[in-house]
Amino acid sequence: MKSDTEDLMPRLLPLDRDGGAAEMDLSVTPRNPQEYLRQVQLEASLCPEVVVAQIDPKKLKKKQTVNASVAGCPVAPLGCSPSLSWQQHQVSNFSEVRQSITKNRKHWSSQNLDDNVQMPKLTDEEGWKKFCLGEKVYLGSSSCQTDPDAEPALDYNKVGFPPFLSIVSRLNQSTVLMVLDILISWFEEQEFAPQLGRWLYALLACLEKPLLPEAHSSIRQLARRCAHVRSTLPQLFSLPSSCRYFEQNDLADQPEGS
């Protein structure tokens, strides 16, 4: 006799009904496909049609919550919030830089790098930090206010390689985002340095739209960090206008009095 399940679901594989499935030992390894199918059928027939879960009502009284931080940027100190027109001007300049990079990417990526430029491997996080920031900043042996342009004889291994177009034009989108995340993570625990600012600006200018979800998260993380650093400084420390360019307006500076 066919079961209710067999009436609703037609057989997909032929199976001999006279194989003595009831007497089959489920602990024995099947010797052929027919025995395997009989074991599966027998196991299924031994399962109850209705299963009732035994739930302890006391455990349902305890609510489970997930803490998620959705905090915005700290408010800029009085007198330090740039005007909306200034922000729009920076967004316009930023857009022009991005268009220039896109237009000339093929040309610059085909230029030969100097012999002293040894770009790190893709997964070498510490190597990227040293490459972009230089050994001095990476090792904390110099003040964050030291300007590498003032060095009489530049040693890029010590002061960091600037984000030359011949370098950043070689980076694909996954590498751009990876290096951006590495530098943002470093910035979360370290002070700001001019080398860091140059690379952050260059990498943001290389990000293509539409942004990947990871890129949105990175930009918002950077905006919060910049706002926090600015809130601790007596002088103006302007938040990057990239928030407005990349439609993260809730983290952008609001004009004072608005």
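Predicted model: local features only at pLDDT ≥ 70, side-chain atom pairs only at ≥ 80, totals over all residues.

Colleague: What about contacts, how much do residues 24 or more positions apart account for?
Modeller: They account for 69% of the contacts in the protein chain with a separation of 6 or more.

Colleague: Let's pick a helix pair. How do α5 and α9 pack?
Modeller: Their axes are 9 Å apart, at an angle of about 170°.

Colleague: Why do you call α5 and α9 roughly antiparallel?
Modeller: Because an angle over 145 degrees counts as roughly antiparallel, and α5 and α9 pack at about 170°, the label "roughly antiparallel" applies to these two helices.

Colleague: Which residues meet there?
Modeller: From α5 you have Phe131, Cys132, Leu133 and Val137. On the α9 side they meet Gln195, Leu196 and Trp199.

Colleague: Switching to rings: how many aromatic pairs does a search of the whole structure find?
Modeller: That search finds 7 aromatic pairs. One of them is Phe131 with Trp199, an edge-to-face pair at 6.2 Å centre to centre, with 65° between the planes.

Colleague: Where do Phe131 and Trp199 sit in the chain?
Modeller: Phe131 belongs to helix α5 (residues 125-139) and Trp199 to helix α9 (residues 194-206). The two are 68 residues apart, so the pair links distant parts of the chain.

Colleague: Are Phe131 and Trp199 buried or exposed?
Modeller: Phe131 and Trp199 are both buried. Tyr156 and Phe164 form another aromatic pair, also edge-to-face, with 6.1 Å centre to centre and 80° between the planes.

Colleague: Why does Tyr156 count as partly exposed?
Modeller: Buried means under 20% and exposed means over 50%. Tyr156 has a relative accessible area of 22%, so it is partly exposed. Phe164, at 37%, counts as partly exposed too.

Colleague: Which residues do the ring pairs link into a cluster?
Modeller: The cluster holds Trp128, Phe131, Tyr156, Phe161, Phe164 and Trp199.

Colleague: And what sits over the ring of Phe187?
Modeller: The charged end of Arg225 does, at 4.9 Å from the ring centre.

Colleague: New topic, then. Where is Leu122 found?
Modeller: Leu122 lies in the loop between α4 (84-109) and α5. With a relative accessible area of 48%, Leu122 is partly exposed.

Colleague: What does Leu122 touch, not counting residues up to four places away in sequence?
Modeller: Leu122 touches Trp128, Thr175 and Met178. Leu122 and Thr175 are 53 residues apart in sequence, while their C-alpha atoms are 7.1 Å apart in space.

Colleague: Last one: where is Ser166?
Modeller: Ser166 is in helix α7 (residues 165-168).

Colleague: Is Ser166 buried or exposed?
Modeller: Ser166 is buried, because its relative accessible area is 15% and the cut-off for buried is under 20%. Leaving out residues up to four places away in sequence, Ser166 touches Trp108 and Leu113.

How values were computed:
Residues numbered from 1 in each chain as written. Heavy atoms only, no water. Helix = DSSP H or I, 4+ residues; strand = E, 2+ residues; numbered from the N terminus. Buried < 20%, exposed > 50% of the residue type's maximum accessible area, 1.4 Å probe, protein only. Contact = heavy atoms within 4.5 Å. Phe/Tyr/Trp six-rings, centres within 6.5 Å; stacked < 30°, edge-to-face > 60°. Lys NZ or Arg CZ within 6 Å of the ring centre and 35° of its normal. Axes fitted to C-alpha atoms, helices over the stretch in contact; angles between N-to-C directions. Parallel < 35°, antiparallel > 145°, perpendicular 65-115°, else oblique.
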